[in-house]
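Subject: Structure for you to look through

Hello,

Here is the structure I promised to pass on. Please open it beside this email and follow along.

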Amino acid sequence: MSKLNSLILLVKSLSKSEKKALTLYSSQTKEKKLYLTLFDLIDRDLYASEESVIKVFNEKYPNSSVNANAQYLFELILQVVVDLNIKKNTEHEIYYSYLKTKILKERGLYDDYLALINDTKIKAERFGEYN
């Protein structure tokens, strides 16, 4: 499956709150973002297909790569959804906390690492993910 087809399926699977979070995240800078145009093309077309999206995008922006924008948008959507899930889902929060402990340890920040690993362990015990 092409990245654009995967993107179409991903966009169509987003909830209203996820779409809003993507828009808010992207509005942090004022410049025009072609990946948001691509998002709108997919989101507004009930039966979006790879061919129709490529055709419309290339007509509007002949000097820009639909594939590069699709790749960027795909990764951005995943990041926004992960960020939302970290806030809503304890298991994701614990995993994210674990990733932060690995970074702290790699950077030699052992006091911070130990404090965070202890907090993560307590959260995991409360959630039932640690024995």
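**A pair of tyrosines**

Tyr72 is partly exposed, with a relative accessible area of 45%. Keep in mind that this is a predicted model. Tyr35 is buried, because its relative accessible area is 11% and the cut-off for buried is under 20%.

How many aromatic pairs are there? The count comes to 2. In one of them, Tyr35 pairs with Tyr72. Tyr35 sits in helix α3 and Tyr72 in helix α5, so the pair ties together parts that are 37 residues apart in sequence.

Phe57 and Tyr61 also form a tilted aromatic pair. Here the distance is 5.4 Å centre to centre, with 45 degrees between the planes. Phe57 and Tyr61 are both buried.

**How α3 meets α5**

Two packed helices are described by the angle between their axes and the distance between the axes. Helix α3 covers residues 34–44, and helix α5 covers residues 66–88. They pack at about 85 degrees, with their axes 9 Å apart. That angle makes α3 roughly perpendicular to α5.

Which residues make the contact? From α3 come Leu34, Tyr35, Leu38 and Phe39. From α5 come Val66, Asn69, Ala70, Tyr72, Leu73, Leu76 and Ile77. By class, the contact of α3 with α5 has 10 nonpolar residues, 1 polar residue and no charged ones.

**The buried side of α1**

Now go to helix α1, residues 3–13. Its buried residues are Leu4, Ser6, Leu7, Ile8, Leu10 and Val11. An α-helix has 3.6 residues a turn, so residues three or four places apart point the same way. Look for that pattern as you go along the helix.

What do the buried residues of α1 pack against? They pack against α2 (16–26), α3, α4 (50–60) and α5.

**Thr101, in α6**

Next, find Thr101 in helix α6, which runs over residues 90–106. Is Thr101 buried or exposed? Thr101 is buried, with a relative accessible area of 1%. Leave aside its neighbours within four places in sequence, and Thr101 is in contact with Tyr113, Leu116, Ile117 and Thr120.

Lys123 belongs to helix α7, residues 110–127. Lys123 is partly exposed, at a relative accessible area of 25%. Which residues does Lys123 touch beyond its neighbours within four places in sequence? The contacts are with Glu93 and Ile94. The side chains of Lys123 and Glu93 are joined by a polar contact of 3.0 Å.

Asp119 also has its place in α7. Its relative accessibility is 42%, so Asp119 counts as partly exposed.

Lys123 and Thr90 are 33 residues apart in sequence and 8.2 Å apart in space, C-alpha to C-alpha. Asp119 and Ile86 are also 33 residues apart in sequence, but their C-alpha atoms are 16 Å apart.

Start with the tyrosine pair, then work through the rest in order.

Best wishes

Methods. Residues numbered from 1 in each chain as written. Predicted model: local features only at pLDDT ≥ 70, side-chain atom pairs only at ≥ 80, totals over all residues. Heavy atoms only, no water. Helix = DSSP H or I, 4+ residues; strand = E, 2+ residues; numbered from the N terminus. Buried < 20%, exposed > 50% of the residue type's maximum accessible area, 1.4 Å probe, protein only. Contact = heavy atoms within 4.5 Å. Polar contact = N/O pair within 3.5 Å; in protein donor to acceptor, adjacent residues only side chain to side chain. Axes fitted to C-alpha atoms, helices over the stretch in contact; angles between N-to-C directions. Parallel < 35°, antiparallel > 145°, perpendicular 65-115°, else oblique. Nonpolar A, V, L, I, M, F, W, Y, C, P; charged D, E, K, R; others polar. Phe/Tyr/Trp six-rings, centres within 6.5 Å; stacked < 30°, edge-to-face > 60°.
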